[in-house]
Amino acid sequence: MAVATLQTVVKPEGLLLNQLAVDLSMDSCEASPNPTRNPSPPPELQQNEEATLGDSIGSTAFSKHWLFATLMKLIQEVDKETEAEEGVESESDFSVDVDEDLQTELCKLWDMSMNTEVAKFLQEFKAIEILTGVISKSKAPRVIEICIGILGNMACDNEVCVEIASNEKLVNLTLALLGNDDPPTLVETTRLLYTNLSHQTACQMWLKAIERASLVQDQVAFIFHSSTNNVLLKNTADFVDVLLDLSDELRHKWATTEMVDSLLEAIQQTGHKHSETLEVFLHVFQLLSTTEPGVEVLVEKGETVLLPLLQYLECVCEDEIVSLDDHSACLSSVFSLLHALFASDTAIAEKLSTSSQLLRCMVKVLEPLYPSLHNKNENTQGEDCSSSIQTLSDDHQLLSSVNQNASRCHIQEDQSEGDDVTCSATQQDSGRDKDKSKDNVSSGDLEPRRMRQYKMLFDVLQMFLRHFFRSLQIDQVTDEEVEEDKKASEKTSKPIFFPVLVYLETSCSRYRIICLALTLMDADRPYSAESPTSEYDAGASSTRPRLSADIEHLRQLCQTYDQTRVVRILDDVVQGKVLNRTDSGEER
């Protein structure tokens, strides 16, 4: 997009008036007894100033006359194209182009259209109908790109956005342009679609048109599968993300093998390292996983889908401390997808349950996440926490109060009906803080948007961890087998998930195990002395909270396979001793 640099046009009559003012000033100085006094401007100059102000658009310095002239030039250029095609056999490709001077003027208009007053004036001047006619007739790629770009800027205004959505011809033309083979035009087309779908009123009209259109899904899949333009991939992903979030019908309809393959191809193009583009793609996958057809397709492509998810986790967890500010939304999508695959396919569950690397990533995320949500005081090294058991119970009540009804991991700022819609795909996250604060801060210091993201990430991760450990079952070995062959029994007693327990025992820091234990604990069920569920409950005081089923299961696993350090740490957590020993199994 060209940068708008409007040149000041000095009219000939303006020069004459200026010269007249200078001459009058000199004569006045010679005749006046007080030569320092400035003479009054002539009436002609005052009239010209009023005329100049009358040519401005609102309070801006943009000229109405220049805008009219530019649109007239555009219409005349398109008419020339049409006349030339009447005598020549029409070409199917968009190979025509206009001269550079007109392109420069149109780019200035494009930049001007970002101004609200200019957008309103263009609306009053029927520019939407004019640009729609130009798009439908022209075969010049740059002209179509600029016209769509102007409409995209105008759509940032609520009133204009609704009028655009009400123009059926423009809506159909825009959807048809998804089949265009010009990348810059596609970039602006997908931006216009995203902007309109982000509007609370206009989105419904666009949804109806998209649901009626038969080729949109195939055209979007083709863009994902074949484009190497990262800006186009980002804009298209934004469009699909908001579209599928709005329509449950389209989530079911678009959950196809072709769509998943094209999304995977696009991720391969953009790379597995963290980026806004990857974040949107992963959320699109998560939206598809909320439908039965989507889960079936993702399971069918299980190995291919797992690869970018695990690569992303490893990349994020390369740092000593995971940055939640940058990655919380994306991590929510990744863990949600992994959990969906884990719960839906036995082979995938078996593979993930043996991965110590996956568990390492989960507890590394918990390390800054848990204290951020629960306002934990980390300065407890070498001493018993005075909070004891009851405080831990209160913490878990707070833990269980995390909002279970949030439907999205990718959380955007709430929009009131009177707010302007998002202007472009690249501007949707402009509200994020650039000055990142430390992750491990109290919940009172977190702004609401980030706090919602943290709660959603914790909720998703907690559910996955519970399912993960519950799937690990203790192998039963008979006494006869042990007596017959001790060595054989030792081999059979080590299950395929044994590397996970070894990681907790030998490589996972004490603090991370504590965060894991606190996450798994469940204090909602009261202690019952009549029916104790573990050795902690048997003979214990009724004031002691019962051990949760998840903690009990994890402790039994570690005890069965001689992971004594983990057992000891779990004991301390249940007894209210949350110690932070720096020399206790630091990660290596």
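C161 counts as buried because its relative accessibility is 0%, under the 20% limit for that class. In this predicted model, the number of disulfides is 0.

**Cysteines**

- C161 takes part in no disulfide, and the cysteine sulfur nearest to its own, that of C156, is 8.3 Å away.

**Nonpolar core**

- In soluble globular proteins, nonpolar side chains tend to be buried together.
- The largest nonpolar core in this model has 150 residues.
- The members that touch the most others in this core are F224, F239, F335, L338, L359 and F469.
- Helix α23, spanning residues 448–470, supplies the largest share of the core, with 11 residues.
- Once residues up to four places away in sequence are set aside, the contacts of F239 are L178, T190, L193, Y194, L197, I210, V216 and V220.

- T70 lies in helix α3, which covers residues 64–87.
- The relative accessibility of T70 is 1%, so this residue counts as buried.
- A polar atom of the T70 side chain is 2.9 Å from the backbone oxygen of W66.
- Beyond its neighbours within four places in sequence, T70 contacts E105, L106 and L109.
- The C-alpha atoms of T70 and L102 are 7.9 Å apart, although 32 residues separate the two in sequence.

**Packing of α5 and α8**

- Two packed helices are described by the angle between their axes and the distance between the axes.
- For helix α5 (residues 116–124) and helix α8 (residues 158–166), the packing angle is about 35 degrees and the axes are 10 Å apart.
- The crossing of α5 and α8 is left-handed.
- On the α5 side, A119, K120 and Q123 form the meeting surface, and their counterparts in α8 are E159, V160 and E163.

Key
Residues numbered from 1 in each chain as written. Predicted model: local features only at pLDDT ≥ 70, side-chain atom pairs only at ≥ 80, totals over all residues. Heavy atoms only, no water. Disulfide = S-S within 2.5 Å. Buried < 20%, exposed > 50% of the residue type's maximum accessible area, 1.4 Å probe, protein only. Core = buried A, V, L, I, M, F, W, Y, C linked by side-chain atoms within 4.5 Å. Helix = DSSP H or I, 4+ residues; strand = E, 2+ residues; numbered from the N terminus. Contact = heavy atoms within 4.5 Å. Polar contact = N/O pair within 3.5 Å; in protein donor to acceptor, adjacent residues only side chain to side chain. Axes fitted to C-alpha atoms, helices over the stretch in contact; angles between N-to-C directions. Left-handed = near helix turned anticlockwise from the far one by under 90°.
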